[in-house]
Amino acid sequence: MATNSDKTLESDTQTDAHIDKNGTRFNVKQLKKSQTDNAKLGHLHCHYAQHPSRGLTPPKLARILTKAEQGDLIAQCELAEDMEEKDGHIFSELQKRRRALLGVEWQLVPPRNASATEIQDCEMLTEQLEDMQILDDLIFDMSDAILKGFSNCEIVWQRQGKLWLPEAFNFKDPSWFMTTPVEANGKAAIDRNELRLRDNTLEGAALQSFGWISHVHKTKSGYLGRNGLGRVLAWPFLFKNYGVRDLAEFLEIYGLPLRLGKYPTGADKTEKATLLRAVMSIGHNAGGIIPKGMEIDFKEAAKGNKDPFEYMIALMEKTISKAILGGTLTSQADGKSSTNALGNVHNEVRQELRDSDLKQIGNTLTRDLVMSMYMLNGKSYRSPNRSPRLVFNVIEAEDLKGYAESLPKLVDIGFAIPQAWAQEKLQIPVAQKNELMLTKQAKAELKPRNKAPNLEEPQTKLKQMAIKRLAVLKAKQEADDVDLMSTTLQADMSPILAGFTDEVRQLVENADSLEALQVSLNTLDLSIDEASEVLQLALVAADLAGQYDVIDDVIDDVSEGN
C-alpha cells in the first residue's frame, strides 16, 4: 500500500516532468546542474590549445582540414582561433561583422491566430528577455560561429518564484565538441551535423535538453565539418604569412653589401666557423676579428624592391575582406577604383550579410531559448509549432520626407493604403493603450488687440455659461422629477465598468485553478484614467450646481425683500 509520502513524491515527480522539443521525457530537476560539471567531462576543463598555426605549411594545413572532415574538429577550431589572434586584418573585419549584430531591435512574434493566453505568455517572455542584461553578450558569442562554423553556450538556469529563467550563458570552447560515428542501416556512418561533447568515447555525449544554445552558422552548403569561414580564410592567412616573412627577411639585408669570407687551404672546422661568425656579424656590428690569413671581401650592396612582397600581402588581405564582408571598399581605399558609388554598393552587400546573420541567430534563439522558456513557464504551451518566434527588425526605414509628401496625394485620389503597411515602411511603432501621441495642433488665429487682456474675464464668462446651463437642467429636472446628474453619471460610467467586468470574466474563464486566478488578478492592470476623467467632470458639475443653488437662493431673497 502506498503511503501519503509516496503519493506526494510521485506527484512532485510528475510535476517536474516535461517533454522536450524532441519528444523525450525530461525532469526539470536536471536544470539545477550544468552538464559540463559532470566528472566524466572533467578532462575538458584541462584542455589547452596546441596552436597549430606554429610552423604552418600547406601540407600541415591540408591535414588539419582533412581531420575536421572526419569529425576531429579540434585542430581546425584552434587554427581559426590563432588566425583571429595573429592576423590584425582578420580580427578587424570579423569585429565589423560581429559588432554589427549588436543593438538591433528584436521582438517576440506570437503564433498565427494566437489565443489570449498565448499572447499573454508571449508578453511575459518578452518582459523576461528585455530584463536580461546578458543578451547582447550571448548574441556576440553566438556570432563566433561565423568563423568556426558553430558556437555552443551552456544555459545556467535559476528558479525565480514559479518561473525557470536563465541566469547566465557560458560560452564553451569549440574544441570541446566533435561529430560522432553512428549506426545507420547496419553500416558505420558519420553524422556530420550533430555536435556532441568529447567524453573519451567514440560516440561522445549528447547535449542535454534545455541546457544548450547550439548555433550552427551556415556560410555555405555542406556538412558541419566543412562549414565556417575559417576554412576559407586559412589559405590566404598562410600565404600572407609567407609574404610577411619574406618581406622581413628582405628588409633585414636590404642595403647591406654581400660579405664573402675566404679561408686558406687546410683550415680546420674551428677556423671556418670563426670566419663564418665574423662574416655574419660584421654587417650589424660594423666590426669584428678574424685569424691572420683569412679575408673578407665586400661585394655590391643587396638590391631589390619591396613591391612584390607588399602586393602579395595586399592581395591576400583583399581576399580576406571579400570573404568576410563581401567587398573591399568598406575596409580599404586605394584611391583608384574606390568611388562613393562603389562604396555604397559594397556597404549594401555588408548589410545583406548582417541581415542573414541575424535571421540565423534569431532562428537558433527561438529554438533553444525562447521555446525552452515557453515550455517550462508558458501556460498555453501545447506544441512546439505554436511557440513565439524571436525576430530581429532588419527593415530599414524608408525616406520619411518622401512618404509624407506622396501618401496624402495618393489617398486623395482614392488609393486604399493600409495604416499598418505605412507604419512598417516608416518604422513607426503602433501606439499602445494610454500612450501619449503626437497630434496635429490647430493654428491659433492672431487678432490685433488694443488693450491688455483681462485674465478674470474668461473665467467669469465660463461660470455664467455654466450657471445658465444648470438653470435649464434644473428646470427640466423639476418638470420631469428626475435627477439628471445621477442619470448622466450612470450612463457615462456603465461602459467603463462593463469593460472592467469583461477583463475579470476573461481571467476567470482562462484560469486553471484558484491559485492561477489569484496570480492573474494580482498582475491585472486595469486602467482607471477614463473613469477618473468622468468622475472629475461629475465633481466639477456638482460644485457648479451648488454654486448655482446658493446664487439662486440669494436672488430669491433679494426679490422677496424688494
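Predicted model: local features only at pLDDT ≥ 70, side-chain atom pairs only at ≥ 80, totals over all residues.

Let's start inside. The largest nonpolar core has 37 residues. Inside that core, L138, L365, L369 and F392 have the most contacts. Which elements give two or more residues to this core? They are α5, α6 (135-142), β4 (150-160), β5 (163-172), α11 (340-377) and β11 (389-392). Helix α11 supplies the largest share, 10 residues.

Now for the surface. A patch of negative charge brings together E123, E127, E130 and D131. D131 sits in helix α5 (residues 116-131). Is D131 buried or exposed? Its relative accessible area is 55%, so D131 counts as exposed, because the cut-off for exposed is over 50%.

There is a nonpolar patch on the surface too: L410, I413 and F415 together have about 300 Å² of accessible area. F415 lies in the loop between α12 (400-412) and α13 (419-426).

Finally, the backbone. Most residues other than glycine have a negative phi. Here are two non-glycine residues with a positive one:

| Residue | Phi | Loop between | Relative accessible area |
|---|---|---|---|
| N113 | about 55° | β3 (106-109) and α5 | 71% |

Methods: Residues numbered from 1 in each chain as written. Heavy atoms only, no water. Patch = residues over 30% accessible without salt bridge, like charges linked within 9 Å, V, L, I, M, F, W, Y side chains within 5 Å. Areas by Shrake-Rupley, 256 points an atom, 1.4 Å probe, with all protein chains shown as cover. Salt bridge = Lys/Arg side-chain N within 4 Å of Asp/Glu carboxyl O. Lys, Arg positive; Asp, Glu negative; His and termini not counted. Charge placed at Lys NZ, Arg CZ, Asp CG, Glu CD. Helix = DSSP H or I, 4+ residues; strand = E, 2+ residues; numbered from the N terminus. Buried < 20%, exposed > 50% of the residue type's maximum accessible area, 1.4 Å probe, protein only. Core = buried A, V, L, I, M, F, W, Y, C linked by side-chain atoms within 4.5 Å.
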